[in-house]
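Subject: Structure handover

Hello,

Please find the structure below, followed by notes on what was found in it.

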Amino acid sequence: MEEKRKVQVLLSAYNGETYIRQQMESIVRQKDVQVHVLVRDDGSTDGTVRILRYYESKYPAVSVRTGSRRGAAGSFFALLKMADLSYDYFAFADQDDVWHREKLARACARLDQENGDIPLLYAGKVVCASSDLKKKELFSYHIRREPSFGNALLENICMGCTQVFNRRLLVLAREHLPAGNVMHDWWMYLTASYFGRIVYDGHAYILYRQHGKNQVGMHNHWGTRWMARFCRIRQMRHIRSGQAADFKIVYAKLLSDNGWKGSTKRQGDNGWRGSVKTRWDDNRRVLEWMCVYRERFGSRLALAGSRKIYRQNRLDDLICRLLILAGFL
């Protein structure tokens with residue numbers, strides 16, 4: 001009988017008493033994997049901790065930690081530091097979603113097909129659901145090109161609630177945490193796409209619950225999506241170039257030629273196209289451009305015209321290139 005993969009689920013909770021029971025039930029009942037749930041409460045003031053303590057007493061595979069308020073990203077970064085390296089894979093979880101029973105097993109099966117000696121990140125689609133889970137709709141955002149570092153510089157297509165990753169990525173990320181205000185899932189996408197590989201699943205194994213208290217919400221229709229972007233336009237100014245600069249500083253030693261420890265071996269259809277060293281050079285080049293493009297208009301032109309960076313949606317991509325020329329990103 002094949003041994004089940006061991007997965008540690010890293011769940012951050014904050015004032016989640018309304019929905020967290022359903023999420024905990026869906027996680028502890030995952031099939032065909034051995035699951036341990038490590039929960040960090042981020043300073044809840046409602047009954048969340050009481051509910052979590054109940055699950056901790058009922059299930060040996062649930063551990064609860066409490067801490068002061070850090071926000072979603074800070075709490076998940078703290079969980080990365082707490083993670084137990086004896087597990088095969090690790091997964092992020094939000095407090096208010098509901099997982100299909102095969103979610104983790106599907107992710108593990110996909111990751112098992114890859115080269116486990118490099119950082120690996122699995123992510124996939126979600127089904128958007130109303131607060132009572134009665135209305136469900138597959139998230140419609142189309143992934144037209146492969147995930148890559150050039151894509152990660154401009155957007156995050158790897159939602160944290162779907163992310164499952166191997167030990168290599170966990171160790172790499174937690175030893176190089178960002179100093180700035182970068183979301184945990186976007187940082188994992190940046191890290192894995194530069195140093196390793198992304199496994200993107202076009203299927204959905206999670207009900208992403210939409211309600212008024214989502215710390216990070218999503219919009220499934222272009223109209224509401226663009227209205228939300230317009231409302232936070234000032235907050236997004238220089239966010240992407242700032243993230244790129246953070247990435248360059250934090251990973252400075254590994255980005256040098258002497259720090260590169262990859263292989264130039266060519267991979268098959270499930271791996272990288274071309275040599276890893278070529279892809280590494282491409283990644284470093286667009287990172288440099290992203291960090292300095294606002295300083296000179298010639299750099300803006302080079303970056304805006306590069307095919308190495310892109311957003312998945314064609315209209316988004318065009319607007320993003322115009323914003324690069326304006327020095328906004």
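Arginine 311 has a relative accessible area of 10%, which is under the 20% cut-off, so this residue counts as buried. Please keep in mind throughout that the model is a predicted one.

Arginine 311 takes part in a salt bridge with aspartate 316, where the closest N and O atoms are 3.6 Å apart. Aspartate 316 is also buried, because its relative accessible area is 3%. Arginine 311 forms a salt bridge with glutamate 155 as well, and there the closest N and O atoms are 3.5 Å apart. Glutamate 155 sits in the loop between α5 (149–152) and β8 (164–166), while arginine 311 sits in the loop between α12 (297–304) and α13 (314–325), so this pair ties together parts that are 156 residues apart in sequence. Glutamate 155, like arginine 311, is buried.

Some background on such pairs: side chains of opposite charge can pair when their charged atoms come close. The count for this model comes to 15 salt bridges.

Another of them joins aspartate 88 and arginine 5, with an N to O distance of 3.7 Å. This pair links distant parts of the chain, 83 residues apart: aspartate 88 is in the loop between α3 (71–82) and β4 (89–93), and arginine 5 is in strand β1 (residues 5–13). Are these two residues buried or partly exposed? Aspartate 88 is partly exposed, because its relative accessibility is 22%. Arginine 5 is partly exposed too, with a relative accessible area of 33%.

Aspartate 88 also comes up in the surroundings of asparagine 166. Asparagine 166 belongs to strand β8, and with a relative accessibility of 3% asparagine 166 counts as buried. The C-alpha atoms of asparagine 166 and aspartate 88 are separated by 6.5 Å, although the two residues are 78 residues apart along the chain. Leaving aside residues up to four places away in sequence, asparagine 166 touches Asp88, Tyr89, Phe90, Gly116, Ile118, Pro119 and Leu120.

Next, the strands. Strand β9 covers residues 197–209, and eleven of its 13 residues are buried. Strand β6 (residues 120–129) pairs with β9 in the parallel sense, over nine bridges. In that pairing, leucine 121 stands opposite isoleucine 198 of β9. Strand β5 (residues 98–99) runs antiparallel to β9 and is joined to β9 by two bridges. Valine 98 has leucine 207 of β9 as its bridge partner.

Finally, the chain as a whole. How many helices and strands does the protein chain have? The secondary structure comes to 13 helices and nine strands. The protein chain has 329 residues, and 53% of them count as buried. Among contacts with a separation of 6 or more, 80% are between residues 24 or more positions apart. The protein chain exposes about 16000 Å², and carbon and sulfur atoms supply 50% of that area.

To find your way in the model, you could begin with arginine 311 and its salt bridges to glutamate 155 and aspartate 316, then go on to asparagine 166 in strand β8.

Regards

Note on methods. Residues numbered from 1 in each chain as written. Predicted model: local features only at pLDDT ≥ 70, side-chain atom pairs only at ≥ 80, totals over all residues. Heavy atoms only, no water. Buried < 20%, exposed > 50% of the residue type's maximum accessible area, 1.4 Å probe, protein only. Helix = DSSP H or I, 4+ residues; strand = E, 2+ residues; numbered from the N terminus. Pairing = 2+ DSSP bridges. Salt bridge = Lys/Arg side-chain N within 4 Å of Asp/Glu carboxyl O. Contact = heavy atoms within 4.5 Å. Areas by Shrake-Rupley, 256 points an atom, 1.4 Å probe, with all protein chains shown as cover.
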